[in-house]
Amino acid sequence: KKFRTRMEAQTQTAGDDGLSRDATDEATDGVPRSVAEALSTPQADALDLSRQRLSELPPELEKLQHLRRLDLSDNLLRNLSSLPDLRNLTSLDLSWNELKTIPVQLLSQLELKEVTLSGNNLDNPQLAKEAIETMLPGCRVVL
């Protein structure tokens, strides 16, 4: 599937001066501009793809191994089967999507310190929380 041609999200990327900046997001060749900017800015450690109406993750996320924070809140995600192993990821916001279960891929994000799952239609939220906290010790789960 292609992404919407006009997307209205913000992303924080680090500039040459090391400061964060905001960028309005428009799709280019189906890739949200915030993803494209993060790819061209190796120092960027945060990506905000909230409110994009995404039903699947952009495959380009796989290249963003430097990300520490990823905001995928308020989208249309039903599963995260395409979530790549982002080895530096410490914070993941999945709130207000359409998730019913916790994907196994989430448990491979070994550096995660916080996962936000509120606003989803999880089959068993407490069990999901316990599974994440067991598999990822030290990870805080927000339901």
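1. In this predicted model, Thr 116 has a relative accessibility of 13%. The residue is classed as buried, because that value falls below the cut-off of 20%. Thr 116 is located in strand β7, which spans residues 114-116.

2. Which residues does Thr 116 touch, leaving aside those up to four places away in sequence? They are Leu 92, Asp 93, Leu 94, Ser 95 and Val 142.

3. Strand β7 is part of an open sheet of five strands, arranged in the order β4-β5-β6-β7-β8 with parallel pairing. The edges are held by β4 (46-48) and β8 (140-142); each has a single partner strand, so one side of each lacks a neighbour in the sheet. From one strand to the next, the twist averages 5°. As a general point, strands of a sheet pair through backbone hydrogen bonds, in either a parallel or an antiparallel manner.

4. Pro 125 belongs to helix α2, which covers residues 125-135. Is Pro 125 buried, partly exposed or exposed? Its relative accessible area is 35%, and the residue therefore counts as partly exposed, a class that lies between the cut-offs of 20% and 50%.

5. Pro 125 may also be located relative to Thr 101, which is 24 residues away along the chain. The C-alpha atoms of Pro 125 and Thr 101 are separated by 8.4 Å.

Conventions. Residues numbered from 1 in each chain as written. Predicted model: local features only at pLDDT ≥ 70, side-chain atom pairs only at ≥ 80, totals over all residues. Heavy atoms only, no water. Helix = DSSP H or I, 4+ residues; strand = E, 2+ residues; numbered from the N terminus. Buried < 20%, exposed > 50% of the residue type's maximum accessible area, 1.4 Å probe, protein only. Pairing = 2+ DSSP bridges. Axes fitted to C-alpha atoms, helices over the stretch in contact; angles between N-to-C directions. Contact = heavy atoms within 4.5 Å.
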